[in-house]
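Student: I am new to this structure and would like to go through it with you step by step. Could you show it to me?

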Amino acid sequence: MIFSMHAALCRPRLRRMLPTLRRAALAAGSLALAACSVSDILQVDTPDIIQPSDVQSAAGADAVRLGAIARLNFATSGGSSDSEGLFLLSGLFADEWNNGDSFIARQEVDERVITPQNNFLTDVDRLLHRARLSGMQAVQLLRQYKPNGPAADLAEMYFVQAYVETLVGEHYCDGLVFSTVQDGVEHYGQPITTQAAFELALAHADSGLALITGSTAADQKVGNALRVLRGRILLDLDRPADAGPAVSGVPTAFQYQNLHSQTTTDNAIWAYNNVARRYSVSTREGGNGLDFATANDPRVPVCTGGDAACRAIGVTRSDRDDNTRPLYVQMIWTTRDAPVAIVNGVEARLIEAESQLRANDPSWLTTLNALRTDGTFDTRPNAQDPTKTDTLWHAGSGGVAGLKPLTDPGTADGRVDLLFRERGFWLFGRGHRVGDLRRLIRQYGRSPETVFPTGDWHKGGQYGTDVNFPIPQAEQNNPNVAGQGCMNRNA
Amino acid sequence: MRSQSVGRALAQAALLGVLAVCRLGAQEPQQGSITGRVTDAATGQPVAAAQVSVVGTGVGTLTNDQGQYTIRGVNAGRHVVRVLRVGYAERRDTAVVTAGQAATVNFALQAVATTLSPVVTTATGEQRRVEVGNAIGQVDAAKAVATTAVANMGDLLVARTPGVMVFPGTQTGAGTRVRIRGLSSLSLSNNPIYIVDGVRVEGTTGSSSVSVGGTTPARINDLNPEEIESIEVVRGPSAATLYGTDAANGVIVIKTKRGVAGRPRLTYFTEQGFHVDQNQYPDAYRGWRSGSTASNTVQCFLTQVAAGACTQDSVTKYNLYDDPEATPNGLGYRQAHGLQVSGGSEALRYFLHGEWEDETGVLKIPEFDQRYLAAHGLAMRPEEAHPNHLGRISARGQFNIVLSPKASVDVSTGYTSQNVRLPMSDDSGVLGVAGNTYGGPGFKYNLSPTGDTLFGWRQFTPRDIYQTFTNQAIQRSISSLNGDWRPMEWLSLHGTFGLDYINRTDTQLCRFANCPDIGGDSRIGFKIDNRTNFFTYTANATAAATHRLSPVLESNTTAGVQYTRSIFDANYASGVGLPPGAVSISAAATLTASESRTESRTLGGFLEEHLAFRDRLFVTAGVRSDRNSAFGANFKTAFYPKLAVSWVASDESFFPRLGWLDQLRLRMAYGASGVQPGPTDAVQFYTATRTLGESGEATALVFSALGNRNLKPERSTELELGIDGTFWSNRLNVELTHYTKSSKDALVSRVLPPSLGTGSTVRFENLGKVRNSGWEALITAQLIQRDGFGWDIGLNGSTNDNELVSLGGVPPIVLSSTQQHREGYPLYGWWARELLSWNDKNGNGIIEYNADPAVSEIVVSDTARFLGYSNPRWILAFTNGFDVWKRRLRLGAMFDYQGGHKVYNNTERIRCASRNNCSGLINPNASLFEQARTVAVRQHPSRTVAGFIEDGDFIRFRELNLTFTAPEEWANRVFRGRSLTATVAARNLGILWTKYTGVDPEAFGTTGNAPSEFQAFGPPTYYVLRVSLGF
């Protein structure tokens, strides 16, 4: 085959070259030795990554548990480099936030015309499922490697799963999917309805609660979080009679917080509204929206870019990223590390109030007013128009926020409106509003045009008709979903 | 299995070694030498650096500066001696060597028009061009540098070789993006690999760990063109097979300059030049209405006029680039001083080079900002006043040491110390220069929130923007040791060892109370200091045996092993919250640190057999096998075969003798090569993160990547067919090539469904198949060749058809709102819902959208459609050269055309969609098309940007140069020197024709596979004076 080799072999002088051949054999042996250790030659270190075997221990399980909490943080109020997290995107879709930048994909969300290719939609979907998967993996690892660990740790992982499943159910259309990775192997989920998602979430919440038998601080925190979450899920399932009792006993002052810091995750609401100005607090968005920015409600304190209040919290710009005005800036979370209570006792009371209202129990108003308390009215000139006067409510000494007491509107619709307005303000910015608007349609018989922003969109064109998020196109890579998307786009 | 395969290859190599040593012990015949002189037949002047070799052996040498040569250790007997030199026709003669005697053979070479070297470098060593079955592109770097305004590698490569797309950067220190024969990879890099003096070197684009927008450095631009003798472009797998895994996107082989034996020759050169931004930037418009003020955004748009919502009181336009008070563009300056020394003896030749370069970009502090600073008693720091700057010191030594008539060693070592400052520009949003110039309000005296006049800038002006100081410091050394040993006349052994080491320090600093005030804690100061070491080791060993099997058949067998190891080792540190005066991370209130390290190793072996029949038919067959650390656990070894045939048909006796035809060659090459996956693409893993809990910060683990145990390299096969001809006494040279490249097992970055919850959004799978095909042509002609006057032209062109043949069952990959990978269409094509038509139905001169199709004045397709290629399909470069005044004065010019593609005018999109200052939104004289695309992006539910994806065809006046070579006596008389050359050159003299309406169809960053113009600068125009003095 190799002519020159063949020619060389035919030479008759080989015998005289035995010493040379020996040297050659040594060289060949060295080469052969090198060949034997090829695997060693190609062996590389990968210090940046953690092998799956490294989490197969109690410490590993604990680290994965913390990872689940971190990912829940990213998915909701913390965001990531790719996404602002669900809370903001949800509020943008509803009436909490207006778009203030040039990204078409964000504008789609604001305008309620979301395409399945929308990258922000896809990114936030990934963030949510990452938190859920981490919770699942942590449950498996904790049960295997830390069976005698604190019950609250394990219960909290069920909380993470249930919380994400609830958020997904509240925001996405029927046809949503929960896949998993178990023992390193992917298992693709089947499309299910939002109703099925809520039932799955309820099951996980129940599993978590069943673990809480003690009374440590951690037990109380996780237990209360699970109770409030159960109540929320039961409302989503249109079981208000069960929801109220589910949250009884949760202290009104209770808070389950996402913590933010200078070095882990920023508070994304602060980052995208107060700093980047890609979001601006809405007011009466699309006609139906609540007047978050202009209500002068102490539950949603808002300043206008450029005014003294904004300057006091470090917001010096008066316009949004797209140079439009006004820029409305929330003042609930005014620093990078401001914690966000993703579940709290106020929500428990609101759940109880709704349960009471649905049961025609007049104490619903008392429950709501218990969250508000005495105080006084005051007036001051309007910051934008000195010819006008703003009336402000100043909190008194008691209650949670010191708000003016509510009065019964006197009609069924009015009561519902009042209840959901209270929910809107109390729970502002924390991923409740889309679920509430959908429940208004689904459970209270409202039409989408009367609850979602409608009509002229503030940047031109018209609001669309979406009442939920579509299944991201990326989910088409799930063989169980290929060719399908939303089963329907109903609320 | 894997070990066995590689073991077999090594065993074959060992066998060859055995044979070599066997023959080493054989009794050697008596030897003599061949000596002589090589001169130019027309002038009688000596020809230096000509390659003189004994045909059928590995024996040869180079002529010295007097054209003299001596080849020692030649077996006694009759030999054919061959001389090769670029610019001259090949010559042969016969020498009869007598033991212990020197045979003398002199050569007088005939100059020819071709600029192609008769010798090319292949993976197995140097070969005559006619013996190689591929067309290998060549760049005469030394000549290009001496006669044109070449500032970097991008300038050196652009438009000089068919099939090579080069996107030069638009700022000083910006990177260069190179694509050869189209795009092959959906998910991996489409960059070629680079070899310098036999050693693999780092050539990544986007090489920075801090962001300044779309402009980033590329490591290939660390190389100094002054140090380069020649560049060869190995275009595809058919030629790159033996370069192994990673070579499928082509190989750029760089040879640095070498010394020529003779007395020391010292050359001093200097470059002095300036550059300006002559691009036309778009006007900003504003539609004034009742309520509009200098500090608000209240406007009246055309569609609002049509709807009766407002009346335009007036429309103003303003272009700050055209206003001397407001423009950030000034005069850039470039200077360089260099010294080269070469010389030596037959035993030791050397080349030494040292150079200092300094280039300042065109950005300056606008006049209005200068006034502001002066009025407030403020001053910018020097580095802030000129935020775009390159400073470089480079040195290289090349030593060719002849240890014995049978052994030689080449030592090459180079060092580069470089600092590049890049401003926040391109896509840097509110913090960037371009984001603020493109986004202006359409009038001059707009006000900031604090009441300062912004002179048409959007939010911030350079006095704030330039305070973000970004610097990249590079310390780089590329060294190689090449050893040759010819134990027998028929056997040569070659070894290479080399290291490319780069130390990169990226820093970004924003001092306390500096930089744009975007609110929050944006002015508390920060510092980023990221330090990265890159190591690329190369170790090669080859053995080549030459044997004449019969009087007409010669065999050359080569076997070799190659080992490459690449290490990326980075430490990242940053600090936020600097006290006044602090510039160090140590002073920051909040510190973060991290590290990253990846490594890749490849071990390959190859065997090649080359047969030459009657020195006119050449057949080469070979195979290479590779193993790589990044392959999946279930994949072991990649095999790449090759077969090439070159036939000089015109040398056959039956071929008709035509007076006008000198040589006709047919060639064919088939080969395979690969692209390796990333170091951890095959692995399943978790990554660490941190979280803040009630008891403080804690480390956490999150599931990241699924991995793929079956991962293997992408495999590209290529068939290349070509015909070369030389005509009319070598005055016309033509190369015509057709290629078909098919990449199978293409690594598809398969999008994972979000519901899976993995950290990685994709997993690499070998699913895809991509096909590239096209034509390449190279024509050089000496139209007039007289003593006093010469006229030569060059034309190189290429076409490329790209198609994603298969995605392996994966649904179409939607990369973004404008790009998709779909079967049957090119990679990285532009996709969007198409703006099908527009019609001013109501005749009011304004295009409007209405949800009712009967009323709406725009029609948009229901689904996304393919709009066009994102990369040029057709490239053509035309050069013209005139030599006058006894050929001492040469005028050269280059024009190039690129077309068949679309460019996304994303700048205009954002101006229309959200900056609210484009013509189509406001200007009543805007064309209906401008209005239609604006309405589509703002009001149609699709928000389609299709109207902004424009034809990208252009013709550019790329180069103009005038070179004067003084008579020797002038140099001698003026400064007692040997030579004097002066060149005046200009680069990028402008676009002569284009359909593109944006700033420039090459105005974009230098990374990615589908660039778009997004708030980017256009390329500047360079004017350079270069003077070279020889001593």
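Student: What percentage of the contacts in chain B with a separation of 6 or more is made by residues 24 or more positions apart?

Tutor: This is a predicted model, in which local features need pLDDT of at least 70, side-chain atom pairs count only at pLDDT 80 or more, and totals for chains, interfaces and linings use all residues. Residues are numbered from 1 along each chain as its sequence is written, chains are lettered from A and ligands numbered from 1 in the order in which they are written, and side-chain values use heavy atoms, with hydrogens and water left out. Taking contact to mean heavy atoms within 4.5 Å, the share in chain B that comes from residues 24 or more positions apart is 70%.

Student: What radius of gyration does chain B have?

Tutor: The C-alpha atoms of chain B fill a box of roughly 105 × 70 × 65 Å along the principal axes. The radius of gyration is taken over C-alpha atoms, and the globule rule is 2.2 Å times the number of residues to the power 0.38. For 1031 residues a compact globule would have a value near 31 Å, and chain B agrees with this, since its radius of gyration is 31 Å.

Student: How much of chain B counts as buried?

Tutor: Buried means under 20% relative accessible area, with a 1.4 Å probe and protein chains only. Of the 1031 residues of chain B, the part that counts as buried is 61%.

Student: Which is the direction of H16(A) relative to H17(A), roughly parallel or roughly antiparallel?

Tutor: Helix H16 (residues 412-426) of chain A packs against helix H17 (residues 433-442) of chain A at an angle of about 170°, with the axes 10 Å apart. Angles over 145 degrees count as roughly antiparallel, so H16(A) is, relative to H17(A), roughly antiparallel.

Technical notes:
Axes are lines fitted to C-alpha atoms, for helices over the stretch in contact, and angles run from 0 to 180 degrees between N-to-C directions. Helices (H or I, at least four residues) and strands (E, at least two) are DSSP runs, numbered from the N terminus. Angles under 35 degrees count as roughly parallel, over 145 as roughly antiparallel, 65 to 115 as roughly perpendicular and the rest as oblique. Buried means under 20% relative accessible area, exposed over 50%, partly exposed in between (1.4 Å probe, protein chains only).
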